[in-house]
Amino acid sequence: MTRVLLVDDQPLLRRSLAMIINSEPALEVVGEAADGTQAVTRARATRPDVVLMDVRMPHLDGLEATRRICADPVLSGTRVLVLSMFELDEYVWQALHAGASGFLLKDARPEDLIDAIHRTHAGASLFAPSILTRLISHYVGTPRPGRPAPALRGLTAREVEVLTLIGGGLSNDEIATALVISVKTVKTHITHLLAKLAARDRAQLVIAAFNAGLVRPRG
């Protein structure tokens, strides 16, 4: 059973989302919040698997609430799926940078919402690798020459290669072909990278690759 916390300042929308989510046998709404401050408090109280987070809310917006939830060691097993009415790259980037695992528009179909929650809980990205890479390359500044990347010091040479290819937008199959290894081995390397870099999902690995200078933003 995947436990979901709903965060939105509109009661009617929360009720509608709860009906959709609770209709899925494998999902359960364990709490609701009307603003970002409540979201952080309820998340700590209920320890949900997935937080469905609105962006624009009073008192504390969804982006800052996402940042606080994702930075809380107590909520290390919680992933955030951001909901918004606005298809703006800036919101998507801010959500990813805050630690969100995915971004979904409020006009998505009910089946797409259910699928997104399942995929978020499983740690899968809701973005195609190439789209994720283009987005991050647009917003991540070019690393300064010689800037140290201490987080990479604990990685093996092969793990650095895999991280570089993830940052370049390659899928698991494409990485396996490029390095002449099995997809299963690629997945093992990704599991190690997630643990060593304290990353929640693939999106954060892409950001790590850019921040470490392994991949350069495209002009």
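Which residue does the UniProt annotation "modified residue: 4-aspartylphosphate" cover? According to that unreviewed entry, the residue is Asp54. The structure discussed here is a predicted model.

**The annotated residue, Asp54**

- Asp54 belongs to strand 3, which covers residues 50–54.
- Asp54 has a relative accessible area of 4%, and a residue counts as buried when this value is under 20%; Asp54 is therefore buried.
- When neighbours within four places in sequence are set aside, the contacts of Asp54 are Val7, Asp8, Asp9, Gly62, Leu83 and Lys106.
- Two of these residues, Asp8 and Lys106, join Asp54 in a network of salt bridges.

**The salt bridge between Asp8 and Lys106**

- Side chains of opposite charge can pair when their charged atoms come close.
- The structure holds 11 salt bridges. One of them is formed by Asp8 and Lys106, whose closest N and O atoms are 3.0 Å apart.
- Asp8 is in the loop between strand 1 (2–7) and helix 1 (11–22), while Lys106 is in the loop between strand 5 (102–105) and helix 5 (110–122), so this pair ties together parts that are 98 residues apart in sequence.
- Asp8 is buried, at 2% relative accessibility, whereas Lys106 is partly exposed, with a relative accessible area of 23%.

**Asp35, a buried residue without a salt bridge**

- Asp35 is found in the loop between strand 2 (27–33) and helix 2 (36–46).
- Asp35 is buried but takes part in no salt bridge. The nearest side chain of opposite charge is that of Arg42, at a distance of 8.2 Å.
- A polar atom of the Asp35 side chain does, however, lie 3.0 Å from the backbone nitrogen of Thr37.
- Apart from neighbours within four places in sequence, Asp35 is in contact with Val7, Met57, Pro58, His59 and Leu60.

- Helix 7 spans residues 157–167, and its buried residues are Glu159, Val162, Leu163, Leu165, Ile166 and Gly167.
- Arg158 forms a salt bridge with Glu161, with 2.9 Å between the closest N and O atoms. Both residues lie in helix 7, 3 residues apart, which is about one turn of the helix.
- An α-helix has 3.6 residues a turn, so residues three or four places apart point the same way.
- Arg158 is partly exposed, with a relative accessible area of 29%, and Glu161 is also partly exposed, at 37%.
- Glu159 forms a salt bridge with Lys196, and here the closest N and O atoms are 2.9 Å apart. This pair links distant parts of the chain, as Glu159 is in helix 7 and Lys196 is in helix 9, 37 residues apart.
- Glu159 counts as buried, at 3% relative accessibility, whereas Lys196 is partly exposed, with a relative accessible area of 41%.
- Gly169, which follows helix 7, has a positive phi, near 90°.

**Helix 8 and its buried face**

- In helix 8 (residues 172–179), the buried residues are Asn172, Ile175, Ala176 and Leu179. Viewed down the helix axis, these residues fall within an arc of 100°, so they line one face of helix 8.
- The buried residues of helix 8 pack against helix 7, helix 9 (183–196) and helix 10 (202–211).
- Val180 follows helix 8 and has a positive phi, near 55°.

How values were computed. Residues are numbered from 1 along each chain as its sequence is written. This is a predicted model: local features need pLDDT of at least 70, side-chain atom pairs count only at pLDDT 80 or more; totals for chains, interfaces and linings use all residues. Side-chain values use heavy atoms; hydrogens and water are left out. UniProt positions are given in the numbering used here, feature names are shortened, and annotations may be inferred rather than shown by experiment. Helices (H or I, at least four residues) and strands (E, at least two) are DSSP runs, numbered from the N terminus. Buried means under 20% relative accessible area, exposed over 50%, partly exposed in between (1.4 Å probe, protein chains only). Contact means heavy atoms within 4.5 Å. Lys and Arg count as positive and Asp and Glu as negative; His and the chain ends are not counted. A salt bridge is a side-chain nitrogen of Lys or Arg within 4 Å of a carboxyl oxygen of Asp or Glu. A polar contact is a pair of N or O atoms within 3.5 Å; within protein, one must be able to donate a hydrogen and the other to accept it, and residues adjacent in sequence count only if both atoms are side-chain atoms. The arc is that of the directions from the helix axis to the C-beta atoms.
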